[in-house]
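Here's a quick briefing to read alongside the model.

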Amino acid sequence: MKFTILDCQFSIDFLKPGILKNYKLEIVNRKSQIGEEHIMSNEIWVFAEQQEGKVRKVAFELLSAGAELSKKTGSQVAAILLGSGLQEAVKSLIPFADKIYLMDDPAFASYTSDAYLINMAPLIKEHQPSILLGGATSTGKDLFPRLATHLQTGYAPDCTGLAMKENGKLVAKRPLYGGKVFAEMTFSEARPQMATVRNNTFLVNQNINKSAQVISISSHTDPSSLKKKVLGLEKAAGTKLDITEAEIVVAGGRGIKAPENFKMIEELSDVLNASVGTTRATVDEGWRDQKDQIGKSGKNISAKLYMAFGISGAIHHVLGIGTCKTVVAVDTDPNALIFNYADYGIVGDLFQIVPALTEELKKAMKE
Amino acid sequence: MEKVDVIIVGGGLAGLSCAYELADSGMTVIVLERGDFSGSKNVTGGRIYLSPLRNYLPDLWKEAPLERHVTKEFITLLGETNSATFELYSNRFNREPYPSYTILRAKFDRWLADLVSEKGVFVIPQKNVNDLIKEGDKVIGIKAEDEEIGADCVVAADGILSFMAEKAGLRQPFQPQHFALGFKEVIALDPKTIEDRFRLGEKEGAAQLFVGTLTKGIMGGGFLYTNQESLSLGMVVGIHSLNQREPREEIYKFLDGFKERPEIKNLIKGGEVVEYSAHLISEGGIHIKPKVYGDGILVTGDAAGLGLNMLVTVRGMEYAMASGVLAGRTIKMAKEKNDFSASTLSHYEKLLNESFIMNEMNNFKNTLSILENERLFSKYPQVISDLFEKVMRVDEHPKESLYKTIFQGLKGSFLSLDTFKDWLKFRKI
Amino acid sequence: MEIYILVKQVPDPEAIVKVKSDSELEIENKYFTNFFDEIAIEAGLKLREKFGGKVTVLTVDNKKVDALRRGIAMGADDAIQITDPALEGSDQFAIAKALAAYLKDKPFGLILAGRQAMDDDAGIVGPAVAELLGIPHVNTIIGLEINDPKKEVKVIREVEGGKEILSCSLPALFTCQKGLNNPRIPQVMNVMKAMKTQIKKIDLAALGLSVADAGSQAAKIKVQKYLSPPKRPPVKMIKEDFPENVKALVKLLREEAKVI
């Protein structure tokens with residue numbers, strides 16, 4: 001253990017046994033953290049998932065949520081960040097957290113559950129945060145159940161709401177049976193209380209204005225011991241966000257009638273900076289890719305605006321849009337089920353409406 | 001090709017009853033049902049009459065999940081803005097063994113399938129039988145998607161548009177006038193509310209038939225049955241009659257219009273529609289009955305055209321179950337002789353003819369021609385309701401003597417050549 | 001190759017599920033084999049076709065074994081039901097513990113599971129079993145290439161923004177996602193065989209576990225309350241004709257919903 005005293009600031013480096021890697025010392029905040037004891041803390045930790053050096057939006061959403069939750073208990077909020085080449089990432093996180101536990105190492109460039117788990121687990125065991133949150137992303141859903149099992153603690157997946165009780169106990173709200181019912185989950189005494197949370201459940205609060213202390217941790221990883229290796233990433237065509245992350249999703253179903261007709265939906269999505277979703281029908285026909293499928297055997301989305309064109313509204317689809325804030329539906333059939341799940345509806349011909357809507361939105365955006 | 005003793009195509013009432021009869025015979029019996037589970041594709045109004053069935057399936061009814069035993073019968077004649085209802089209650093309906101019960105098919109069929117499975121019959125859902133396998137005229141098996149399975153006997157219990165009967169060459173082509181379309185909603189309602197509205201005791205039920213302007217002159221009628229915790233409300237319309245009507249009417253509009261009538265609206269108030277279903281009904285009776293046996297094949301239930309419109313009720317379920325049992329008995333007999341040829345299996349037809357099924361089908365063979373009479377569905381119900389209204393009305397004019405009122409009414413509406421001819425025909429019902 | 005498939009029977013997506021009270025749900029009696037588990041079974045069967053060996057389906061359930069029968073009907077060799085009254089009220093971690101206890105002394109080459117169960121939508125059991133067995137896992141695979149079971153295998157995993165290609169050593173556990181394959185429909189004769197199959201039952205004692213390892217007292221997460229989904233207010237149908245309706249919609253989205 002080495003204490004470095006600089007200008008009335010303390011920063012604590014941990015030298016771990018095993019392979020010593022280069023570590024960086026970055027002193028950024030001006031708060032003193034004297035006498036940190038390694039007992040069960042009431043800290044709220046957020047797994048700051050990053051991709052290619054950029055922290056995912058959901059992490060900022062959860063740090064914002066953490067800041068809000070911590071008001072009840074006066075807890076500190078920390079981000080735990082693993083990756084490689086993370087200078088920019090750290091900078092972006094500083095206003096959002098009291099602490100950042102940083103592990104910057106080429107071994108973490110691509111997420112693998114073994115590399116991340118081996119390194120996160122000891123840190124968590126040491127600091128015993130009360131709560132550990134992560135985004136319900138493919139990484140989050142891969143890491144958290146395994147990590148929770150390793151730590152022998154409870155985990156609530158894919159949550160759509162969080163609340164804090166006076167005693168620091170977390171209540172996590174999550175959908176069951178595809179969203180037909182919801183459950184409020186509570187945790188046993190084991191710590192941390194873990195939860196993955198859906199994108200867009202919380203808003204990013206740009207006014208937290210914290211000043212995180214960065215704590216660099218050296219990596220434990222012997223690359224040869226890893227049983228999994230990422231060989232590559234086949235990126236999907238286009239630069240749009242995944243439908244689970246997008247704030248606005250526009251979708252076309254069987255009513256689009258032919259794959260070429262999706263072009264007008266895509267033009268609409270360009271104007272709105274939205275992602276394009278679809279239903280099982282078009283995926284099964286081979287018109288659209290599965291990654292865009294919304295519904296029971298596809299994805300759940302939590303967009304702030306969802307627009308459905310030519311989608312009848314079968315139950316397995318609508319369960320995927322339950323947590324969208326505003327839903328618009330356009331269909332030729334006035335009795336289409338989709339209208340039971342929408343906020344605004346138009347009975348009409350989407351082939352007329354979509355291009356007109358695109359034009360109208362272009363005008364509105366200009367103002 | 002793998003082989004079993006008996007393949008029953010269709011897991012509805014006919015198929016399952018046949019399976020039930022064969023369950024203790026020691027034969028390997030499989031039932032192939034195309035729905036996700038038995039009952040998922042079956043619909044009835046409906047009500048099942050147990051009295052005729054107690055001889056065929058004596059032990060089934062104690063545990064069977066039936067709804068309410070019917071103690072009240074209603075017949076309602078609907079005019080445009082008025083209606084007249086006849087209500088019958090009898091102590092006989094309220095004494096065990098109860099003659100009839102309202103029934104929900106998804107529940108009942110599923111229970112029966114489970115029961116039959118427990119007895120050792122293989123009830124296999126999600127299996128669509130596409131074809132028969134024949135050796136010359138002899139049926140030796142079936143084809144389900146890619147799989148071929150052989151059997152000593154195939155029982156066609158695949159419902160009203162039976163492909164098996166067609167593939168076996170036993171059935172003639174369909175004609176629209178032999179079919180009606182039944183469609184209904186199941187409306188959830190608190191049992192106490194049901195009992196209050198229909199003035200029933202606990203677990204007692206009511207059955208109500210409607211005829212008149214609800215079908216806008218098209219052949220058909222309406223029905224309302226009380227289930228334990230819901231109402232079955234629906235209509236039947238003749239397909240041919242429906243097709244002839246210009247401009248074409250949407251089916252759902254009929255039911256919506258029916259529900260709007262004050263007589264109905266108040267009965268279903270506060271209820272929640274939990275199910276909507278529709279099904280074809282065979283009304284051709286004896287006129288469309290196919291040949292019900294062949295080499296290695298028997299035809300039962302709706303597939304054998306065993307459905308009948310008796311005006312005051314529509315029969316199908318009892319015929320399905322009884323014919324299924326008779327088919328089962330025939331197969332047991334054939335197995336003893338190890339002979340599944342047409343001549344041996346013809347015993348089935350003999351049994352059918354001796355049963356209540358064919359007796360009734362014969363007695364009611366003229367119903368179809370009566371039903372083609374449009375006046376039955378528009379004029380007569382209106383006229384009768386109007387007549388009652390006139391009799392009961394007391395307004396600012398001095399009320400005339402009752403005889404005069406009735407005579408005027410009858411003269412105006414019923415004294416015509418058409419009515420006289422109708423009367424002659426009605427004697428055949 | 002010894003392949004184990006973790007399966008679960010869940011309510012059909014069409015089944016009605018309602019909140020009966022704070023602590024109870026009313027679930028319509030319509031069950032089926034979890035959609036993603038069938039994909040896992042199919043993957044296992046395909047590997048057996050390629051490399052020979054044995055496919056066993058495995059479930060933890062006190063009542064329902066139709067998912068196991070489905071596995072047999074599709075072609076699995078063996079079916080195991082882990083069942084014990086003490087398992088009532090268990091959370092996913094306890095279920096994983098029971099499965100891992102069963103599997104730990106088996107010579108498995110590969111364990112397959114569905115990406116999540118369609119009742120709890122949790123996706124916990126697969127990775128949890130992998131962790132307890134100390135084997136690597138990959139979630140939501142849509143591609144699986146094994147050329148030599150003794151060497152590393154290639155898996156393709158669905159991630160946001162595309163498909164990730166990984167290599168992984170065996171033994172491992174993979175959870176299967178739609179798109180990996182199309183599960184075969186069992187043949188009638190195989191369904192009959194499955195209906196007759198004797199299913200091996202294993203209890204906690206046989207697994208070397210105690211009552212304390214299972215049930216609600218061991219649960220790390222619990223349902224405090226069930227809630228109905230938030231009800232949307234009735235839809236506002238835009239009545240104007242085209243093209244006024246489009247203008248009206250944009251106005252509403254801007255001023256009322258404030259989403260653009």
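A residue counts as buried if 20 or more other C-beta atoms lie within 10 Å of its own, as exposed if 12 or fewer do, and as partly exposed in between, with C-beta atoms placed from the backbone. On that basis, 48% of the 260 residues in chain C are buried. Keep in mind that this is a predicted model, where local features need pLDDT of at least 70 and side-chain atom pairs count only at pLDDT 80 or more, while totals for chains, interfaces and linings use all residues. Residues are numbered from 1 along each chain as its sequence is written, and chains are lettered from A and ligands numbered from 1 in the order in which they are written.

**Chain C on its own**
- DSSP runs define helices (H or I, at least four residues) and strands (E, at least two), numbered from the N terminus; chain C has six helices and 15 strands.
- Along the principal axes, the C-alpha atoms of chain C fill a box of roughly 70 × 45 × 40 Å.
- Two residues are in contact if their C-beta atoms, placed from the backbone, lie within 7 Å. Of the contacts in chain C with a separation of 6 or more, 70% are between residues 24 or more positions apart.

**Who touches whom**
- Chains A and B have no contact, and their closest C-alpha atoms are 11 Å apart.

**Strands across the A–C boundary**
- Strands pair if DSSP finds at least two bridges between them. Strand β15 (residues 228-235) of chain A pairs with strand β11 (residues 162-168) of chain C, antiparallel, over seven bridges.
- In that pairing, A:Lys229 sits opposite C:Ser167.

- The A:Arg191 to A:Pro192 peptide bond is cis, and A:Pro192 is in the loop between β12 (181-187) and β13 (193-197) of chain A.
- C:Leu170 and C:Pro171 are also joined by a cis peptide bond.
- A:Tyr177, not a glycine, has a positive phi of about 50 degrees. A:Tyr177 is buried, with 24 other C-beta atoms within 10 Å.
- C:Asp121 likewise has a positive phi of about 50 degrees, but counts as partly exposed because it has 18 C-beta neighbours inside 10 Å.
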